[in-house]
Amino acid sequence: MASLEPERPDSSEESTRPGANGTMVETDSAQTSHEGTPATTREPSMSNPAKVKRDEFIMDTNNSSIVSKRSVEKLYYGNEPEYFRYFVSKFKRRSPLINRGYWLRMKAIDHTVTRFLAEQSAKRKVVINLGCGYDPLPFLYLGKHPELCANTTFVDVDYPVLMQNKLGIIDKTEPLRVLLPKLTKTGSETGLLASSDPYVAIGCDLYNIDMLRHVLQDHLRIEDSSVAILFIGEVSLAYMEKEATQAVLEWAAGLSDVRLCLLEQHLPDGPDHPFARTMLSHFEKLRTPLNAIGTMSDMKQRFADAGWPSAGTDIRSLWELWSDPTFLTPEQRRSLDKVEPFDEWEEFALFASHYFLLIAERKADQDWSYRPYRASLAGSTSRISLVSAPGSGGDSPVPPVPQEQPLQAPELPSSFVPRRFAAVVPATSEISEGEAVGLLGGLGSQERLTDCDTYSRTEDLLPISGPPMRSGIMGHQVTRLGGTSNCIMTGGRTSPDKASAECWLRQDGMWRRSQSLPEGRYRHSAVALRLPTEPRPAHTVLLFGGKTSDGHVLDEWLLWMGEGGWRTIHVAGDAPPARFGAAMITDAREGVSGVLIGGMTSAGRVLTDFWHWSLEADMSLYCRNVTARAAAVLRHNANILGRFGAQLVRTNRGILMIGGVCGGRMLTSQDEILNMKTLRTHPVEGKRPLFVGSSITDVDGGLIVLGGGATCFSFGTYWNKPSILTDSPEASLRCGWHLLTTQKPDAEMGMNMGMGTSQAEVPDRTVQQSNGHVEPNLRLPDPVHIPRRSLAQGIEFEQFVAEGRPVIFSEGDIGPCTAMWSNSYLKESIGYERKVVVHSSPSQKMDFKTKNFDYVTQDFGAFLDACDGGEQLYLRALSRDAPSDQPTNLADDYPEIAADFELPGELIHVVENLHSSPLRISGPVSMWLHYDVMANVLCQVRGKKRLMLYPPSDVSHLGFTPGASSSSMDVFNPDRPTRHSLVHTHPYEANLEPGEILFIPPMWVHTAAPTEGMSVAVNIFFRSLQNNSYAAGRDVYGNRDLAPYERGRKDIARIVKSFEDLPADVAGFYLERLGQELLDQAKNITSSSQLHTMYAELS
């Protein structure tokens, strides 16, 4: 849960502000006016300091949750009264995955509360929300369903400081206050804070169960038999120590007529599942570990131990609820897709599988030993039932599936490119078959990709490239045509509402456009067929299903007829229903029959059917439903057969079904690989990939698993490293598979196909000199425009840091500074006469190497006036107390304005690794070209600024002398010698607007110049490398070279000295050879980071 700071007047921005612990946390405030609200402080506590600090972190978790629920409210409940809006200052649209996850959470709680309120009973009802945060549950019912609220009191319970802030919002918000007639505040700092007929606010730490019990009994007499109680704990008890949580459960179980609804995380496949690891790590980073987490069976046992009858306790995962047609109708599920297109199904299933809804009931006069009563508990109203279905986590465990030999998935030692939902491309020739495999397109860490990775076990192969697509794509299929290297790529999508109908044929190593599909589609199924035609067999492709741009799910079968395009195939016998994301494979490598398994309906339900199909001589398709036969073998585990997003892979063990998600429960390491020949599973031992969005193919050494991973809800992104799925790890790794190269599409091919610049538009490559000689054109490479990412859509900043590429973050809130930091305000706040040391330059370009500027001490106010008047001045703030010894910090050196600047909560990693935060103010003067050893974010407050950046691999072309971190090269106005160097570089360009944030990775060479008005910015440097990489001692500016480089320069001096006694030509001979060896080593190391260049070429 989180406390709320008073909002500044007329603010309409959701922002991040420093929390009580000094870190940056996301906070929300009511959209209604909060001016004049007194700041609250946390109550004095006799607890140990560690618990006080932990409580603060727990309160901070409320903020992102309430913003996400507000996103759901506005998008999915647009025609209903809105109440979350009053607790969030500005609407912030979350990603479709987070929206859908919170929608399901909210639906589960709503279902439980509605069912309780609809019970026919003469008893007074009390709904107690434990750890409520800013959740407006009472207002949702009082305002939207008043008919259910007769004789009902809603109780909000949370930390006192949080509840005081919540009451402050209610008090100043008329639409909330009108629902609470005669709301009276007690004036207490803890305990009973306020009450009215339908509402009670209690400020209480749930560790203090005695206080809570006394307040509820004194005010509401909840221990009386005439009272029916519903407790709600939505991800609140999970943060408590297990013993404290148990005390709450035991106390609640002692009441006479009580229900308890718990919605929390759990571990369906233990803490080592990739999603679970990411989730647990996320909460550890927030310093709010999930102390009480376990399995659903663990939780049900804890309820039994606390005195809750087992027959009255029902627990199911949210994924099971989603898949249950009695909980959500197909129409309800389909309606969500009308709000926003959605295709994160595997990630949604992982999220929902890691959360459960538990509903427990206990009545003193009820004999709970009679199990069938449980059904009438759920069905006591017209509302739907939550009776556990077979296989529910709350029931007895399902018998394990018989198993085959276990497999392991050792990771390949080479580098990799993060991508998922890509497609495997065969080697470019039959000669290299088995020696190389390509991975084309897919979703990368920042965008959908057009390039192709080549994985190989040798070094002397040509790289595999993909077709010259106009944009990155995912959800496509690449199908090999028989035993040749020819293949065809079909369909795919950019966004979920932009499906592609394009088809590309690779023949004899060259890609060309083929006939398009009748309609764009993605997540379709495709297999290669070998037709027994005369005089020789024909290789073709059979395609089924998929999803279109408008969300329509297809049931058509198409056959590729070469130059004749695509032909619709008539189905004889039973026809498989429409689906997307199904698995399909032929019975034999070059056959005309095969199987179709699983997939998903348009209503978001995973299908569990199993079909056999065969292409007949008359070119019709005969289909048979063989689900019953397979289900009879798997029995209780039949649901692991029907999957969405799985792959069928032909191996020497038979055909294996690998990964994907099934309906109702999550696949585990014990059953996510199913042998289709024996219908037994291959358990995966040790660390394993996340079989979501991965591409798997049979190679020498085992099955190579390329790509894959998932956005793990709001917890972070997990990327698979390439691995080999095998029963002999050491032998498989000896095969030497590794990433050979990442190849961009062939641009010239794209031009030839009519997709690129016409020949007339190709710029001249030569220039005529006055002496008549012709030299290569010094036309500089066009800079890549640095991509922008919206903070309003949610980002995983640490992933951008790990990728090491610049990015501009927009639509974030850096505080009122963008509106307030006028010259007059700065002079008044900081002081006109405060002395500052500034750079004064006679030239528009400052040069640190030649020192073409003077350091001048000026009054701060005079400096601002001079900048505003066009003088070439520049201020880079220094530490006020120790400018030569300590880095500057905005809060310490300019405390008068520091509170106006806020760093968005998504960038908390910056604060946690902070080095310095200098204020930068400049007139019309450009910065010298330089690099910083520290990573940094440049937050533009006022004015506009242009920056040029170059990747670290360009440093040898940019005029840096040994040991220098700055260069005299003018990249904005290059002369001819400079142009000769710049033609070999890969420039990036950023044009910053006020409020935007540029992330500059370490060692990226850059320079900056204002383009409009005086420039004011806050530059925050932070450590992004291992701490032992940085040189010991002072580093005031964040650009002291790394310790290994400083040691290396000393080593070079020693090496040179060791050759002093040799003749000069001999010494030079060997030193040049050593230098070349060093360069070769550098090239080998940087080959793994060629993404810098690749990204520039692709963008």
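Predicted model: local features only at pLDDT ≥ 70, side-chain atom pairs only at ≥ 80, totals over all residues.

Residues are numbered from 1 along each chain as its sequence is written, and side-chain values use heavy atoms, with hydrogens and water left out.

**Stop 1: the core.** Select Phe87, Trp103, Leu104, Tyr141, Leu318, Trp322 and Phe348. In the largest nonpolar core, which has 95 residues, these touch the most other members. A nonpolar core is a set of buried Ala, Val, Leu, Ile, Met, Phe, Trp, Tyr and Cys residues joined through side-chain atoms within 4.5 Å. Buried means under 20% relative accessible area, exposed means over 50%, and partly exposed is in between (1.4 Å probe, protein chains only). Now colour helix H2 (residues 96-118): the largest share of this core, 12 residues, comes from there. Helices (H or I, at least four residues) and strands (E, at least two) are DSSP runs, numbered from the N terminus.

**Stop 2: Arg100.** Stay in helix H2 and click on Arg100. Is Arg100 buried or exposed? Arg100 is buried, because its relative accessible area is 1%. Its contacts (heavy atoms within 4.5 Å) include Trp322, Asp337 and Glu340, not counting residues up to four places away in sequence.

**Stop 3: a nine-stranded sheet.** Show the strands in the order E5-E6-E7-E4-E3-E8-E9-E11-E10, and you have an open sheet with mixed pairing. Two strands pair if DSSP finds at least two bridges between them. Strand E5 (184-185) and strand E10 (313-317) are the edges, each pairing on one side only. Zoom in on E3 (residues 124-130) and E8 (residues 227-234), which pair in the parallel sense over six bridges. Within E8, look for Val227, the bridge partner of Arg124.

**Stop 4: a four-stranded sheet.** Next, pick E30-E31-E33-E34, an open sheet with antiparallel pairing. Strand E30 (647-651) and strand E34 (680-681) each have a single partner strand, so one side of each is left without a neighbour in the sheet. To see a bridge here, select Asn675 and its partner Arg680 in E34.

**Last stop: a second core.** Finish with Phe800, Phe863, Cys867 and Tyr894, which are among the 44 residues of a second, separate core.
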